[in-house]
Amino acid sequence: MSRTSRLFELINLLRARRTPVTAQYLARELGISQRSLYRDIETLRSLGAPLDGQAGIGYCLREGFFLPEFAFSSDELDALTLGLGWVRQRADPALAQCSESALAKILAARKNSPAASGEPPALVTAASVSERVDPPQVALLRDAIRRQRKVAIGYEDAHGSTSDRTIWPIAIVYFDDVRVLAAWCEQRSAFRHFRVDRLQLKTISEERYPGRRQSIIKRWRQQDRDWRSILTVSDTATRYQLTDALTPGVTSKER
């Protein structure tokens, strides 16, 4: 990360918090020493950033610095709040933390937002009965998807059989209570779907899988046009089991 990028990220970290933030926390989030952080704080102050606080106490950013007005309507803000609230409750820890900071940035940039006026949000999310939360490995899978890296996994199907695979992860499909990883499987030479909670992440290779991810996604959607139907929760006895009515080309053993 360049120093310029780091200074912007420091501004974002401070903007997302309403109370003073310690130098230790900020340095840890930025991956730098506290000494470097103090230099960055002084640099921002010299550029006119209204920073309050000092070493040993914490820092906060007063309103009015690089906060452009977002043209979101009240309904659009409700939609963002609802969606990010769901992510905060149900996604993996890294994504949940990002949802909090993202919402704070959006609301901080609106002078007339409910947060600015102290009003409670109109819509509130609540976890479903299952209270299923993504495992931390989802963050690693998301990173592998973005970087198009091959991944070695162990997988246990619905019958308890295990297998080792090398896959090209392309997308994580979020159902209400189950996350399904869509990927190209080298062993099967075909697209396969893997329930994330049955997946053991072994290694993420530095080898980039061939082709463009956009093209692979297009092929996946064309071959598995009914991919949204790969899961149901209609059978209460086996609430989180994938059904036998999988998409063409996906065998029941991939469940």
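Reader: Which residue forms a salt bridge with Glu42?

Author: Arg45 does, with the closest N and O atoms 3.2 Å apart. A salt bridge here is a side-chain nitrogen of Lys or Arg within 4 Å of a carboxyl oxygen of Asp or Glu. This is a predicted model, where local features need pLDDT of at least 70, side-chain atom pairs count only at pLDDT 80 or more, and totals for chains, interfaces and linings use all residues. Residues are numbered from 1 along each chain as its sequence is written, and side-chain values use heavy atoms, leaving out hydrogens and water.

Reader: OK, and where do Glu42 and Arg45 sit?

Author: In helix α3 (residues 34-46), three residues apart, so about one helical turn separates them. Helices (H or I, at least four residues) and strands (E, at least two) are DSSP runs, numbered from the N terminus.

Reader: How many salt bridges are there by this rule?

Author: The count comes to 12. Another pair is Arg179 with Asp134, at 2.7 Å between the closest N and O atoms.

Reader: Is Arg179 buried or exposed?

Author: Buried, at 4% relative accessible area. Buried means under 20%, exposed over 50%, and partly exposed in between (1.4 Å probe, protein chains only). Asp134 is buried too, at 4%.

Reader: Switching topic, what's β4 paired with?

Author: Strand β5 (residues 179-185), antiparallel, over seven bridges. Two strands pair if DSSP finds at least two bridges between them. β4 and β5 form a hairpin with four residues between them.
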